[in-house]
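Hi,

Here is the model for your files. My notes on its side-chain contacts follow below.

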Amino acid sequence: MKVLHQWRRKAIYCTTCLLLLAHIPMALYFSCVHQRGTVALMDVLREDITANSSVLFLMPCHSTPYYSHIHREVKMKFLECPPPIDPSYEDTTEVFYDNPELWLRSNYQGDASLPSHLVMYDTLMEVQGVDQFIADGHYKQVAREFHTHLPDGGRCGTYILMFRKA
């Protein structure tokens, strides 16, 4: 009986050590590295904007901490996704990702209506027309923040890009 009790104690100790050794690296990765780009980019954005700035986030809704990290009075717009009012309702995010070029051209006509900053995932640069919209608007990339090694779906990317109007 005593031998069984000692063996059980060693088994519990070894199992606990194995679980800790396996979970500590994962906990560190998922809390310090994975999907950190949105917060890091907001710090860069806060330093780059002025009182006259305006920012357009071309990302799935609620991807960034938004005003909670900016702490400045600046115009910011993001793709919205409120709860559906009726079954035929399509949120801005879905409409945008169905045809980004059409959405950008119809919502931003002329140089005066363009925001001073654009923020998007790198995957959006692969969509036809988005790169041309950026070139036509005279935007220059000013930041590229790592976001994740494991992007989910086609809307989230490995990097977050920030563009400023030249």
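Ring pairs join Phe 57, Tyr 66, Tyr 67 and Phe 78 into a cluster. Rings of Phe, Tyr and Trp (its six-membered ring) pair if their centres lie within 6.5 Å; planes under 30 degrees apart are stacked, over 60 edge-to-face, the rest tilted.

This is a predicted model: local features need pLDDT of at least 70, side-chain atom pairs count only at pLDDT 80 or more, and totals for chains, interfaces and linings use all residues. Residues are numbered from 1 along each chain as its sequence is written, and side-chain values use heavy atoms, without hydrogens and water.

The whole structure holds eight aromatic pairs. In one of them, the ring centres of Phe 146 and Tyr 159 are 5.9 Å apart and the planes stand at 80°, so the pair is edge-to-face. Phe 146 lies in strand β4 and Tyr 159 in strand β5, 13 residues apart. Strands (E, at least two residues) and helices (H or I, at least four) are DSSP runs, numbered from the N terminus. The charged end of Arg 144 sits over the Tyr 159 ring, 3.7 Å from its centre (CZ of Arg or NZ of Lys within 6 Å of the ring centre and within 35 degrees of the ring normal).

There are five salt bridges (a side-chain nitrogen of Lys or Arg within 4 Å of a carboxyl oxygen of Asp or Glu). Arg 155, in the loop between β4 and β5, reaches Glu 94 in helix α4, at 3.0 Å between the closest N and O atoms. Shared partners join Asp 43, Arg 46 and Glu 47 into one network.

Best wishes
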